[in-house]
Amino acid sequence: MEKDNTTAFVVAEAHKTLKRNLTERKASNFIPMGAKNIYRSLEQVCNSVTEEFDGFYERCIAYLDLWENSFGNAEQFLWVNLAKTNAADWENAETSAEIINSSLLDVPDMKINNDQMFDEVVLAKEYLQSNWEQWEQEETTRDVSISSEEKWLRLFGHFKENHIAAPNLIKIVEYAFCLPGTSAPVERVFSLINNAWTDDRGLMKEATVKGLMTCKINIGLACADFYNKIKNKKDFLKKS
């Protein structure tokens, strides 16, 4: 789970599943077979072992309850994972739009138009349903799972080829995938900053460090390769 592209809605779902399993185990007084085999011959500790496991489950659930607070509304974006054909329906999209519109009031560019989005969702749902069986066959043939990111790229690529505008749906998808599920991406940024902003290079301005990090994190090219890529692009350099 600790990887750069883990999203908050995926972690929230995994958290929910884990909590449900632990709750069921506690209610059923479940003890793993390995532990049972060890204490079966020790009748005098049977009750204490049961109590220990019950306490263990209780502590785990309490910890997950505290962790749950950090997810906020992330679970409402789980449909973006496209785990099933009917994931992209109006109810899911509308809920996500309401969250974005209410939480990003000071970001007008992220304002979602529900009237326009309804048509976008209908077209997206039609595309997903018409391609789902083909994707399943592709996964079986190639023995590989098509990621949710790849599914959205194919969908929006289809929209672009057919001149279908979907600005509102794109905003929701971008927002959902930008919600980090762990602190790994942030920790990676700090690690890169420490490597770049050393004592020997301590006089670098913050703007320079920011530029280096932007290129390093978003472009994924070595400095020499990046230089060779842009050195003859005069329009790009002027904008920069």
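Q: Which domains is the protein divided into?
A: There are domain 1 (8–71), domain 2 (76–178) and domain 3 (183–236). These bounds come from an automatic or database domain assignment. The centres of domain 1 and domain 3, taken over C-alpha atoms, are 45 Å apart.

Q: What kind of model is this, and what goes into its values?
A: This is a predicted model: local features need pLDDT of at least 70, side-chain atom pairs count only at pLDDT 80 or more, and totals for chains, interfaces and linings use all residues. Residues are numbered from 1 along each chain as its sequence is written, and side-chain values use heavy atoms, with hydrogens and water left out.

Q: Why is Leu-82 called buried?
A: Buried means under 20% relative accessible area, exposed means over 50%, and partly exposed is in between (1.4 Å probe, protein chains only). Leu-82 has 0%, so Leu-82 is buried. Leu-82 is found in the loop between helix 3 and helix 4 (90–103). Helices here are DSSP runs (H or I, at least four residues), numbered from the N terminus. Phi of Leu-82 is near 50°, a positive value in a residue other than glycine.

Q: What makes Asp-143 count as exposed or buried?
A: Its relative accessible area is 71%, so Asp-143 is exposed. Asp-143 is found in the loop between helix 5 (114–142) and helix 6 (148–161). Asp-143 is not a glycine, yet its phi is positive, about 55°.

Q: How do you know which class Asn-92 belongs to?
A: Check its relative accessibility: 26%. Asn-92 therefore counts as partly exposed. Asn-92 is found in helix 4. Its C-alpha atom is separated by 16 Å from that of Ala-12, 80 residues apart along the chain.

Q: Is Phe-77 buried or exposed, and what about Asn-69?
A: Phe-77 has 1% relative accessibility, so Phe-77 counts as buried. Asn-69 has a relative accessible area of 62%, so Asn-69 is exposed. Phe-77 is found in the loop between helix 3 and helix 4. Asn-69 lies in the loop between helix 3 and helix 4 too. The C-alpha atoms of Phe-77 and Met-204 are separated by 40 Å. Those of Asn-69 and Gly-220 are separated by 33 Å.

Q: How do you know whether the span of helix 9 (residues 206–218) agrees with its number of residues?
A: The expected span is 1.5 Å times one less than the number of residues. Helix 9 has 13 residues, so it should span 18 Å. Its end C-alpha atoms are 18 Å apart, which agrees. Helix 9 is followed by Gly-220, whose phi is positive, near 75°.

Q: What makes a space a cavity, and how many does the search find?
A: A cavity is a set of points on a 1 Å grid over the protein atoms alone, where a 1.4 Å probe fits but cannot get out. The search of the whole structure finds 1 cavity of 30 Å³ or more. The largest cavity has a volume of about 40 Å³, where volume is the space filled by probe spheres set on the points.

Q: Which residues line the largest cavity?
A: Lining residues have an atom within 4 Å of a point. Among them are Lys-26, Phe-30, Thr-50 and Tyr-57. Helix 3 (residues 46–68) gives the most to the lining, with 4 residues.

Terms used
On a 1 Å grid over the protein atoms alone, a cavity is a set of points where a 1.4 Å probe fits but cannot get out, and a pocket is an open set with protein on both sides within 12 Å along at least five of seven lines; lining residues have an atom within 4 Å of a point. Helices (H or I, at least four residues) and strands (E, at least two) are DSSP runs, numbered from the N terminus.
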